[in-house]
Amino acid sequence: MQGVTVVDHPLVQHKLTLMRDKQRSTKGFRQLLNEIGMLLCYEVTRDLPMERIEIETPLTTMEGVQIAGKKLVFAPILRAGVGFLDGMLTLVPAARVAHIGLYRDPESLQAVEYYFKAPSDLADRMVLVLDPMLATANSAVAAIDRLKERGAKDLRFVCLLAAPEGIEKLRGAHPDVHIWTAAVDERLNDHGYIVPGLGDAGDRMYGTR
């Protein structure tokens, strides 16, 4: 599927299966989401640009490598996107964080913005937009629209599950934004939920299901 990378690492797929189980506790679900966020971050950042620098080890001088340029911005879509954040910050503690508050109108299924806060130098950084579920893609498209308005140019979308309908809509609206996901599920149901899916990720994270 063009513009989509499915992360099929065994640890990711194992943890995803555990998360799908409706008997999984809130604590267990939250922990697994954190762990998968870390693993997805590892894959998404695989091609970051590098530069050579000279350092001194306890024994000698050597030439090593480090990530070139300014660090990343993690942009979770509230609420559920925050579940990825701690795991990713564990890997990239110097990353900046943007917060995008959106909720889905239950009637229209359209995204409604209620909060937006982002670093001022988005144009100089790679931005990873985080949301566990790419369902209708209305929230994803709205979030990326706002980030681009603020100057972001290099964006990637990271999710746990994607529906074919969501992929089609996001790629149609933002063909320059590559998608990383742990799985592409069958379809959306009449209420805009991914099937077979895992339910509402935000509700399961916070115990409000």
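Residues are numbered from 1 along each chain as its sequence is written, and side-chain values use heavy atoms, with hydrogens and water left out. In this predicted model, local features need pLDDT of at least 70 and side-chain atom pairs count only at pLDDT 80 or more, whereas totals for chains, interfaces and linings use all residues.

A pocket is here an open set of points on a 1 Å grid over the protein atoms alone, where a 1.4 Å probe fits and protein lies on both sides within 12 Å along at least five of seven lines; lining residues have an atom within 4 Å of a point. The lining comprises 28 residues, and R104, D131, M133, S139 and D200 lie nearest the centre. At least two lining residues come from each of β4 (73-78), β6 (99-104), β9 (133-134), α4 (138-149) and α6 (201-206). These elements are DSSP runs numbered from the N terminus, with helices (H or I) of at least four residues and strands (E) of at least two. By residue class, the lining has 17 nonpolar, six polar and five charged members; Ala, Val, Leu, Ile, Met, Phe, Trp, Tyr, Cys and Pro count as nonpolar, Asp, Glu, Lys and Arg as charged, and the others, Gly among them, as polar.

The structure contains 13 salt bridges, each defined as a side-chain nitrogen of Lys or Arg within 4 Å of a carboxyl oxygen of Asp or Glu. One of them joins R156 to D47, with an N to O distance of 2.9 Å. Because R156 lies in strand β10 (residues 154-162) and D47 in the loop between α2 (26-44) and β2 (50-56), this pair ties together parts that are 109 residues apart in sequence. R156 is buried at 11% relative accessibility, while D47 is partly exposed at 48% (buried, under 20% relative accessible area; exposed, over 50%; partly exposed, in between; 1.4 Å probe, protein chains only).

A salt bridge also connects R146 and E113 (2.9 Å, N to O). This pair links helix α4, which holds R146, with strand β7 (residues 111-117), which holds E113, across 33 residues. R146 is partly exposed at 21%, as is E113 at 38%. Salt bridges with shared partners also join R79, D200 and D203 into one network.
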